[in-house]
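Here are my notes on the model, as numbered points. Please read them with the structure open.

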Amino acid sequence: MAYLEVRNLFKRYGDFTALNDISLDVTEGEFVCFLGPSGCGKTTLLRAIAGLDPQSSGTIHQKGRDISALPPAQRDFGIVFQSYALFPNLSVVDNVGYGLVSRRLGRAEIAKRVDELLTLVGLPDAGPRYPAQLSGGQQQRIALARALATSPGLLLLDEPLSALDARVRLRLRHEIKALQRTLGVTTVMVTHDQEEALTMADRIVVMNAGCIEQVGTPQEIYRRPATAFVADFVGSMNFLSGTLSAPGKVRVDGHEFTCAAEDGLAPGTAVQLCIRPEDVRVRDLPADVVNRVAVEVGELDFVGSFCRATLSVRAAEKVNLMADFSSNLIRDLGVERGTRLDVALPPDRLRVFAA
């Protein structure tokens with residue numbers, strides 16, 4: 001049995017459907033990210049699970065218990081909001097212990113639990129301070145400690161890192177994931193940051209326009225996107241417009257590419273042929289390599305550890321590719337603007353979607 005079961009969830013605001021028949025299972029101890037663009041319904045789904053914005057129809061079960069119609073206070077969760085929502089007039093100790101006080105625990109028990117949590121989040125000496133005296137990263141940790149104070153079965157995170165600068169955000173990603181593994185708490189996080197989802201989640205739920213596009217591990221989402229939307233939203237992707245000429249064959253502006261056969265697509269169907277920039281092969285191409293293409297290097301954008309190249313297919317001036325070249329490859333092959341070379345598009349790395 002799944003720890004969290006969402007079945008046929010709808011959320012409507014008048015004529016607008018924010019959630020359209022959402023069904024999802026989350027196992028105990030799992031870290032799941034809801035990923036998608038603004039307005040896709042990911043925060044609405046999180047708030048429905050918390051009971052903060054109840055669904056119009058559908059059911060939610062947590063550990064076999066029907067919580068569909070329960071108020072937030074009767075659900076077993078802790079939540080961290082994007083703004084952290086710390087009480088500015090309360091000290092860190094009082095903020096973290098707030099939920100414990102409302103449960104009428106003794107002072108000694110509360111003090112012990114607060115000390116444990118502050119040590120757990122790496123701020124053992126912050127107790128007497130106030131939120132305004134803390135950095136953004138420290139406030140985020142205090143909000144996390146407060147959410148965990150009552151030992152909830154479910155931890156909900158609503159874009160908890162979006163207000164932080166890039167360096168702090170990177171560090172806290174690893175800290176939150178390590179903390180979640182240590183505690184084993186089932187966690188659901190909302191984010192629009194694909195890198196955040198790929199590095200933190202056990203599974204990712206990609207959402208679009210109130211629907212789930214795909215559910216899978218980060219590797220599955222990145223390597224085997226189920227729809228063109230997922231392919232475009234997660235990572236960078238080349239899209240080449242063509243026609244399915246035969247099973248496993250796509251014709252793009254006079255070039256025929258070999259790829260994995262796609263079920264349900266008939267020859268003559270207009271399709272999009274997709275490949276990641278890092279999958280474009282350059283080195284050591286054998287004479288009989290499949291999907292060889294002669295290209296000319298256009299723009300070269302330096303991105304630190306690699307360069308992103310814009311490649312023009314010489315036999316088809318309207319067909320362009322992005323490719324990621326390592327610094328070593330740039331140096332070894334003397335690649336610069338105007339360089340002509342051959343590249344190959346490995347069939348096992350090509351994806352085909354109906355146009």
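1. Leaving aside neighbours within four places in sequence, Ile142 is in contact (heavy atoms within 4.5 Å) with Leu86, Val92, Val96, Leu118, Leu123 and Leu134. Ile142 is also listed, with Val96, Leu144 and Leu157, as having the most contacts inside the largest nonpolar core, a set of 43 residues. Helix α5 (residues 136-148) gives the most to this core, with 6 residues. Apart from this core lies another, of 31 residues, among them Val295, Val297, Leu341 and Leu350. A nonpolar core here is a set of buried Ala, Val, Leu, Ile, Met, Phe, Trp, Tyr and Cys residues joined through side-chain atoms within 4.5 Å. Buried means under 20% relative accessible area, exposed over 50%, and partly exposed in between (1.4 Å probe, protein chains only).

2. On conventions: this is a predicted model, in which local features need pLDDT of at least 70 and side-chain atom pairs count only at pLDDT 80 or more, while totals for chains, interfaces and linings use all residues. Residues are numbered from 1 along each chain as its sequence is written, and side-chain values use heavy atoms, with hydrogens and water left out. Helices (H or I, at least four residues) and strands (E, at least two) are DSSP runs, numbered from the N terminus.

3. Ile110, Val114, Leu117 and Leu118 of α4 are buried. They cover an arc of only 100° around the axis, taken from the directions to the C-beta atoms, and therefore lie on the same side of α4. Ala108, Lys112 and Thr119 are exposed on the other side. The cover over the buried residues includes α2 (92-96), α3 (98-102) and α5. Gly122, with a positive phi near 80°, follows α4.

4. An open sheet of 6 strands has the order β6-β7-β8-β3-β9-β10, with mixed pairing (at least two DSSP bridges between two strands). β6 and β10 (211-216) stand at the edges with a single partner strand each, so one side of each has no neighbour in the sheet. Strands β3 (residues 31-35) and β8 (residues 186-191) run parallel and are joined by 5 bridges; Leu35 has Thr191 of β8 as its bridge partner.
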